[in-house]
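Q: Please walk through this model and say, for each label put on a residue or a strand, what the label rests on.

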Amino acid sequence: MLFILSILAVTAYSSMNTDSFNVVTEHERLKSVLRYAQMYAMKDEFQWRVDVDADQYTLQRVTNTSGATQDMVIPGIGTTHELGRVSVTSGTGIVSFDSRGRPYLDGNLLSSSHTISLKGTGSNDTLSINITAVTGYIR
């Protein structure tokens, strides 16, 4: 009986698509980093931002009124996070937040919601992050 269960477990494990797990993990991680940037922006006089590229993102703090930035450490990750087997298929750009938590995209205050879509490289699994204009609500 134990032998049969172990064969079933190995078969089930080998048929699982790890790309699906990667997409979910990176989706939740990027949402957390965006919320982290928004939270710290509301405690700071300067904007915090996340520079989202197709294969990586970087957390940054604007350090003065001329717009100079400093890369910040993403807790548990470092300054830049490589997405690995996940890519951003739409919504790349610099997402920033001001001291009121309002979202900007590439320096312009959002007038409508902004969506960032992530897709696994070996699957059709796609998840999206939606940032609501004005309020900055991230879901």
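Q: Why is Tyr36 called partly exposed?
A: In this predicted model, the relative accessible area of Tyr36 is 23%. Partly exposed covers what lies between under 20% for buried and over 50% for exposed, so Tyr36 falls in that class.

Q: What makes Trp48 count as buried?
A: Trp48 has a relative accessibility of 6%, and since buried means under 20%, Trp48 counts as buried.

Q: Why is the pair of Tyr36 and Trp48 called edge-to-face?
A: A search of the whole structure finds 3 aromatic pairs. In the pair of Tyr36 and Trp48, the ring centres are 6.5 Å apart and the planes stand at 80 degrees; because planes over 60 degrees apart count as edge-to-face, the pair takes that name. It links distant parts of the chain, with Tyr36 in helix H2 (residues 18-41) and Trp48 in strand S1 (residues 48-52), 12 residues apart.

Q: What makes the pair of Tyr40 and Trp48 tilted?
A: The rings of Tyr40 and Trp48 are 5.2 Å apart, centre to centre, with 35 degrees between the planes. Stacked needs under 30 degrees and edge-to-face over 60, so the rest, tilted, is the class that applies. Tyr36, Tyr40 and Trp48 form one aromatic cluster.

Q: Which residues have the most contacts inside the largest nonpolar core, and which element gives the largest share?
A: The largest nonpolar core has 25 residues, and those with the most contacts inside it are Leu30, Leu34, Val50, Tyr57, Leu59 and Ile116. Among the elements that give two or more residues to this core are H2, S1, strand S2 (56-62) and strand S9 (114-120). H2 supplies the largest share, 6 residues.

Q: Why are S5 and S10 said to stand at the edges of their sheet?
A: The open sheet is formed by 3 strands in the order S5-S9-S10, with antiparallel pairing. S5 and S10 each have a single partner strand, so one side of each is left without a neighbour in the sheet. From one strand to the next, the twist averages 30 degrees.

Q: How do you know that S5 and S9 pair, and what packs on the sheet?
A: S5 and S9 run antiparallel and are joined by 4 bridges, where pairing asks for at least two. Ser90, for instance, has Ser117 in S9 as its bridge partner. H2 packs on this sheet, touching S5, S9 and S10, and its direction makes about 15 degrees with that of S10.

Q: Why is S6 called largely enclosed by the rest of the structure?
A: Of the 5 residues of S6, 4 are buried, so S6 is largely enclosed. S6 is joined to S1 by 5 bridges in an antiparallel run, with Gly93 in S6 as the bridge partner of Val52. S6 also pairs with strand S7 (residues 103-105) in the antiparallel sense over 3 bridges, and Val95 stands opposite Leu105 in S7.

Q: How many residues lie between S6 and S7 in their hairpin, and what is the phi of Gly101?
A: The hairpin of S6 and S7 has 5 residues between the strands, and Gly101 in the turn has a positive phi of about 85 degrees.

Definitions and conventions: Residues are numbered from 1 along each chain as its sequence is written. This is a predicted model: local features need pLDDT of at least 70, side-chain atom pairs count only at pLDDT 80 or more; totals for chains, interfaces and linings use all residues. Side-chain values use heavy atoms; hydrogens and water are left out. Rings of Phe, Tyr and Trp (its six-membered ring) pair if their centres lie within 6.5 Å; planes under 30 degrees apart count as stacked, over 60 as edge-to-face and the rest as tilted. Buried means under 20% relative accessible area, exposed over 50%, partly exposed in between (1.4 Å probe, protein chains only). A nonpolar core is a set of buried Ala, Val, Leu, Ile, Met, Phe, Trp, Tyr and Cys residues joined through side-chain atoms within 4.5 Å. Axes are lines fitted to C-alpha atoms, for helices over the stretch in contact, and angles run from 0 to 180 degrees between N-to-C directions. Contact means heavy atoms within 4.5 Å.
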